[in-house]
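Subject: Structure for your files

Hello,

Here is the structure I said I would pass on. My notes on it follow below.

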Amino acid sequence: MSNNKRLRIAIQKSGRLSKDCQNLLKQLGVKLNLREQRLIAHATNMPIDVLRVRDDDIPGLVMDGVCDLGIVGENVLEEVQAERRNSSASFAVKKLAKLDFGYCRLALAWPQELGAQDKQWFNGKRIATTYPEILSQYLERENIDASVVMLTGSVEVAPRAGLADAICDLVSTGATLEANGLMQGDTILESNACLIQNQELADDDKLALIDKLMPRLRGVKQAKE
Ligand code: ATP
Ligand code: ZN
């Protein structure tokens, strides 16, 4: 548990979610002094500390109570939850809100020259992905007997490099797939960024602060609609 009296929020340090997270905090009225290299940024007008980490670490930090809140893609949240379900680590979190940024799809793709394929084509094939748990669940659900190759980066070059027959990767516009000569198939998961809270958070002051921020968050969302 975090014994710090200040509300700790984990956000992505640098990447696709960082700018939107910083903007959201700003719109919520949290004044931050973000100096580039700092791990922790202290808010100057509220008892809030912002931890800037890799997105993959955010669900675990919130599940373990190291941080009280976190902003992370549902894709990463689901993968970490599935991973932790297989161990003794805690995996429960409270999802406070789905946010209106960070949209992407986790989709299957294969070399364009193979043309259109149905699900049965994947039987006996190797599929490269950064999301082995989500992919395995999908394969099980669909009764597909394929093997999963875990890669943490450059998934889209795996077929060309002979590492896999197909991939399961995040897509937003499809431009990366096209640039790599891949054809997009089924979407396995649609994802947005979301705000999560540690399930066991019981500090009254922190809960009161969250209660104060939530209506502002809804206000920001409405203003955009
Ligand atoms: P980190 O260094 O924090 O681990 P990363 O390279 O894993 O960063 P990013 O590429 O910055 O992560 O993506 C962060 C999140 O942004 C993704 O997990 C996903 O939720 C979301 N996202 C939105 N669009 C895309 C996209 N086209 N490709 C990948 N992620 C996307
Ligand atoms: Zn990451």
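In H3, the buried residues are Glu-74, Asn-75, Val-76, Leu-77, Glu-79 and Val-80. Please keep in mind throughout that this is a predicted model.

Taking Val-80 as an example, this residue sits in helix H3. Val-80 counts as buried because it has 22 C-beta neighbours inside 10 Å, where the cut-off for buried is 20 or more. Once neighbours within four places in sequence are left aside, Val-80 is in contact with Pro-59 and Gly-60. Val-80 and Ser-147 are 67 residues apart in sequence, and their C-alpha atoms are 20 Å apart in space.

The length of H3 can be checked against its residue count. At 1.5 Å a residue, its 12 residues should span 16 Å, and the end C-alpha atoms are 16 Å apart, so the two agree.

Domain 1 puts 8 residues into the contact and domain 2 puts in 9 residues. On the domain 1 side, helix H3 (residues 74–85) gives the most, with 6 residues. Sorted by class, that side of domain 1 has 1 nonpolar, 3 polar and 4 charged residues.

Leu-25 is found in helix H1 (residues 18–27). Is Leu-25 buried or exposed? Leu-25 has 21 other C-beta atoms within 10 Å, so it is buried. Apart from neighbours within four places in sequence, its contacts are Val-30, Leu-32 and Val-50. Leu-25 and Ile-9 are 16 residues apart in sequence and 10.0 Å apart in space, C-alpha to C-alpha.

Helix H6 (residues 204–224) passes the length check as well: its 21 residues should span 30 Å at 1.5 Å a residue, and its end C-alpha atoms are 31 Å apart, which agrees. H6 is hardly covered, with 2 buried residues among its 21 residues.

Most residues other than glycine have a negative phi.

Asn-143 is in the loop between helix H4 (132–141) and strand S8 (147–150). It counts as exposed because it has 9 C-beta neighbours inside 10 Å, and the limit for exposed is 12 or fewer.

With 13 C-beta neighbours inside 10 Å, Ser-154 counts as partly exposed.

**The chain as a whole, and confidence**

The protein chain has 6 helices and 11 strands. Its C-alpha atoms fill a box of roughly 55 × 35 × 35 Å, taken along the principal axes. Of the 225 residues in the chain, 34% are buried. Among contacts between residues at least 6 apart in sequence, 67% join residues at least 24 apart.

On confidence, the mean pLDDT of the protein chain is 95, and 98% of its residues reach 70 or more. For the complex, the predictor gives an ipTM of 0.97 and a pTM of 0.95.

Regards

How values were computed: Residues numbered from 1 in each chain as written. Chains lettered and ligands numbered in written order. Predicted model: local features only at pLDDT ≥ 70, side-chain atom pairs only at ≥ 80, totals over all residues. Contact = placed C-beta atoms within 7 Å. Helix = DSSP H or I, 4+ residues; strand = E, 2+ residues; numbered from the N terminus. Nonpolar A, V, L, I, M, F, W, Y, C, P; charged D, E, K, R; others polar. Expected span 1.5 Å × (residues − 1). pLDDT = per-residue confidence, 0-100.
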